[in-house]
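This report describes one protein model for a reader who is new to structures. Please look at the sequence and the structure below, then read on.

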Amino acid sequence: MIRVFLLDDHEVVRRGVAALLDAEDDIEVIGEADTAASGMARIPALKPDVAVLDVRLPDGTGLEVCREVRSRMPELACLMLTSYADEEALFEAVMAGAAGYVLKQIHGSDLVGAVRTVAAGQSLLDPQTTATMLARLRDQAVRKDPLAALSQQERHILELIGEGLTNRQIGERMFLAEKTVKNYVSNLLSKLDMQRRTQAAALAARMRVDRSD
């Protein structure tokens, strides 16, 4: 039996979802709440397998509830339910540890299927959504650390560029063909979104100063 908790500030929505899920032989709605505070208190007490959480609540968000209750119950599967296809909320849901994100316009049979999917430990995020999230995470990492996108070899070559070495000199130092070094330089400039070698040299010099401080 899949034990489900519902958190939504609209009573009609809660009743509708509860009736839909309770009609299934393998699903039981064990509790409901209409505020974030109530959800945070009742979910750990009732220990459901799945929490269906509205994203927008009068005193907070389902995302905050998801993050909080999963910190205490990592095995809990949270299914976010929202009226809006909001990319920002979707990203935050993934970061909060939600197992799925569905719109309230979803067909009843699909919602039942979604509950079963996340209860089984699977994710409801489609490949395109996952790719978008990973790209965004990579972008954040690059903003935090400009070298995050570079391979170890490219980082070494960047350091040598910062020392003022030519491609030929770098090749001799690293036992690489000059053409290979040129390809590495082109790749690292592209990854760093730079047009000129001098920009890379300036970055390398700046990072060398930062490390020495």
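## Terms and source

A residue is called buried when its relative accessible area is under 20%, exposed when it is over 50%, and partly exposed in between, using a 1.4 Å probe and protein chains only. The model is predicted, so local features need pLDDT of at least 70 and side-chain atom pairs count only at pLDDT 80 or more, while totals for chains, interfaces and linings use all residues. Residues are numbered from 1 along each chain as its sequence is written, and side-chain values use heavy atoms, with hydrogens and water left out.

## The protein as a whole

The secondary structure consists of ten helices and seven strands. Helices (H or I, at least four residues) and strands (E, at least two) are DSSP runs, numbered from the N terminus.

Of the 213 residues in the protein, 38% are buried. The protein exposes about 11,800 Å², and carbon and sulfur atoms supply 50% of that area. Accessible areas come from the Shrake-Rupley method with a 1.4 Å probe; for residues, only the protein chains shown count as cover. Contact means heavy atoms within 4.5 Å. Among contacts between residues at least 6 apart in sequence, 61% join residues at least 24 apart.

## Helices α1 and α5

Helix α1 covers residues 11-22 and helix α5 covers residues 108-119; their axes come within 10 Å and cross at roughly 70 degrees. This makes α1 roughly perpendicular to α5. Axes are lines fitted to C-alpha atoms, for helices over the stretch in contact, and angles run from 0 to 180 degrees between N-to-C directions. Angles under 35 degrees count as roughly parallel, over 145 as roughly antiparallel, 65 to 115 as roughly perpendicular and the rest as oblique.

On the α1 side, the contact is made by Val17, Leu20 and Leu21, which meet Gly108, Leu111, Val112 and Val115 in α5. Sorted by class, the contact of α1 with α5 has six nonpolar residues, one polar and no charged ones. Here Ala, Val, Leu, Ile, Met, Phe, Trp, Tyr, Cys and Pro count as nonpolar, Asp, Glu, Lys and Arg as charged, and the others, Gly among them, as polar.

## Ala18 in α1

Ala18 is also found in helix α1. Is Ala18 buried or exposed? Ala18 counts as buried because its relative accessibility is 8%. Leaving aside neighbours within four places in sequence, Ala18 is in contact with Leu6, Val29 and Glu32. Phe5 lies 13 residues from Ala18 along the chain, and their C-alpha atoms are separated by 9.1 Å.

## Helices α2 and α3

Helix α2 (residues 36-46) packs against helix α3 (residues 62-72) at an angle of about 20 degrees, with the axes 10 Å apart. Therefore α2 is roughly parallel to α3. Which residues of α2 and α3 meet? Ala36, Met40, Ile43 and Pro44 in α2 meet Glu64, Val65, Glu68, Val69 and Arg72 in α3. By class, this contact has six nonpolar, no polar and three charged residues.

## Leu57 in β4

Leu57 is in strand β4 (residues 56-57). Leu57 is buried, because its relative accessibility is 10%. Not counting residues up to four places away in sequence, Leu57 touches Leu7, Asp8, Asp9, Asp34, Thr35, Ala36, Gly62 and Val65. Ala37 is 20 residues from Leu57 in sequence and 9.8 Å from it in space, C-alpha to C-alpha.

## Helices α7 and α8

Helix α7 (residues 152-162) and α8 pack at about 125 degrees, with their axes 10 Å apart. This makes α7 oblique to α8. In this contact, α7 supplies Gln153, His156, Ile157, Leu160 and Ile161, while α8 supplies Ile170, Arg173 and Met174. The classes here are five nonpolar, two polar and one charged.

## Two residues with positive phi

Most residues other than glycine have a negative phi. Phe175 is not a glycine, yet has a positive phi of about 60 degrees. Phe175 is found in the loop between α8 (167-174) and α9 (178-191), and counts as exposed because its relative accessibility is 77%.

Asp193 is a residue other than glycine with a positive phi, near 55 degrees. Asp193 is in the loop between α9 and α10 (197-212). With a relative accessible area of 65%, Asp193 is exposed.
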